[in-house]
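Let's take a walk through a protein together, one step at a time.

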Amino acid sequence: MTGSTKGALLQRDGKRYAVVTRMPAGIVTPDDLEKIARIGRKYRVPMLKITSGQRFALIGLEPGDVADVFQELGPLAQPESAPCVKFVQACLGTEMCRYGNQDSIGLARALEERFRDQTFPAKIKIGVSGCQRCCGESQIRDLGIMGTNRGWTVFFGGNAGRKARIGDIVASDLTAAEVMDCAGRLLEYYQRNAHAKERTARFIERIGMETLKSELLTLLPYIQIEKVS
Ligand code: SF4
């Protein structure tokens with residue numbers, strides 16, 4: 001039987017597929033794990049991989065099994081579609097880490113919920129860290145949020161890829177509510193002004209921080225513009 005492979009990733013062999021899960025902040029329940037394990041056994045998935053984005057990839061699926069795997073994963077599945085928020089990763093934060101200044105897991109979940117259904121010119125990766133040790137890789141994500149003992153710092157335009165880039169600090173000492181507003185406005189600005197397939201790193205290099213400051217950041221009352229790098 002050959003079903004739809006829509007939403008799955010074609011593998012190197014050009015024949016089999018991978019399906020990726022949705023796991024905001026990398027949190028799973030025992031039920032989630034049991035479901036993934038059951039599906040892995042049932043469809044004889046050759047490899048289950050935890051990705052750098054804190055998700056599971058079920059790798060090596062036969063084409064005819066893809067649609068059934070998506071259906072059985074249900075809300076745990078994240079079909080590949082138009083460019084969107086690929087993942088929101090988070091460190092342990094105040095939930096579990098003795099160094100944590102802020103609740104990175106709670107904020108990551110809120111960000112994922114807010115942006116999960118939106119599309120963008122290119123994929124968006126978000127990293128949230130509970131302190132300046134930055135275990136959530138905030139500085140190399142399109143949108144990075146880092147906790148301090150004064151609130152949250154927001155980075156924009158980071159990238160860990162072939163042409164790596166540290167994101168620019170666009171705001172500091174924000175509350176969680178201000179981060180949500182700032183993130184929404186940054187991504188909306190990016191949506192309106194970026195070229196198709198232009199990642200945030202290349203976008204900010206093209207337009208320059210001065211443009212972002214004058215057209216957006218100076219309009220946000222909670223941003224002290226003299227602190228903007
Ligand atoms: S970034 Fe800070 S709070 Fe988060 S896991 Fe690392 S040390 Fe802990």
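Touching, or being in contact, means that the C-beta atoms of two residues, placed from the backbone, lie within 7 Å. Before going further, please keep in mind that this is a predicted model: local features need pLDDT of at least 70 and side-chain atom pairs count only at pLDDT 80 or more, while totals for chains, interfaces and linings use all residues. Residues are numbered from 1 along each chain as its sequence is written.

Val 154 belongs to the largest nonpolar core, which has 39 residues. Such a core is a set of buried Ala, Val, Leu, Ile, Met, Phe, Trp, Tyr and Cys residues joined through C-beta atoms within 7 Å. A residue is called buried if 20 or more other C-beta atoms lie within 10 Å of its own, exposed if 12 or fewer do, and partly exposed in between, with C-beta atoms placed from the backbone. Along with Val 154, the members that touch the most others are Val 88, Ala 108, Leu 111, Val 179 and Leu 186. Elements that each supply at least two residues of this core include the strands β5 (85–90) and β8 (151–156) and the helices α4 (104–115) and α5 (176–193). Helices (H or I, at least four residues) and strands (E, at least two) are DSSP runs, numbered from the N terminus. A second, separate core has 14 residues, including Ala 8, Val 19, Val 66 and Phe 70. In soluble globular proteins, nonpolar side chains tend to be buried together.

Now follow α5. Which of its residues are buried? They are Val 179, Cys 182, Ala 183, Leu 186, Leu 187 and Tyr 190. Seen down the axis of α5, these residues fall within an arc of 125° (the arc of the directions from the helix axis to the C-beta atoms), so they line one face of the helix. They pack against α4, β6, β7, β8, β9 and α6. The face turned away from the buried side of α5 carries the exposed residues Ala 177 and Arg 192.

Next, find the ligand. It is surrounded by 14 residues, and the closest are Cys 91, Cys 97, Gly 130, Cys 131 and Cys 135; a residue counts as near if its C-beta atom, placed from the backbone, lies within 6 Å. This shell divides into seven nonpolar, six polar and one charged residue. Here Ala, Val, Leu, Ile, Met, Phe, Trp, Tyr, Cys and Pro count as nonpolar, Asp, Glu, Lys and Arg as charged, and the others, Gly among them, as polar.

Gln 132 lies in the loop between β6 and β7. Because Gln 132 has 13 C-beta neighbours inside 10 Å, it counts as partly exposed. Its C-alpha atom is separated by 11 Å from that of Cys 91, 41 residues apart along the chain.

Finally, look at Arg 44, in the loop between α1 (30–42) and β3 (47–50). Its phi is near 50°, a positive value in a residue other than glycine. With 10 C-beta neighbours inside 10 Å, Arg 44 counts as exposed.
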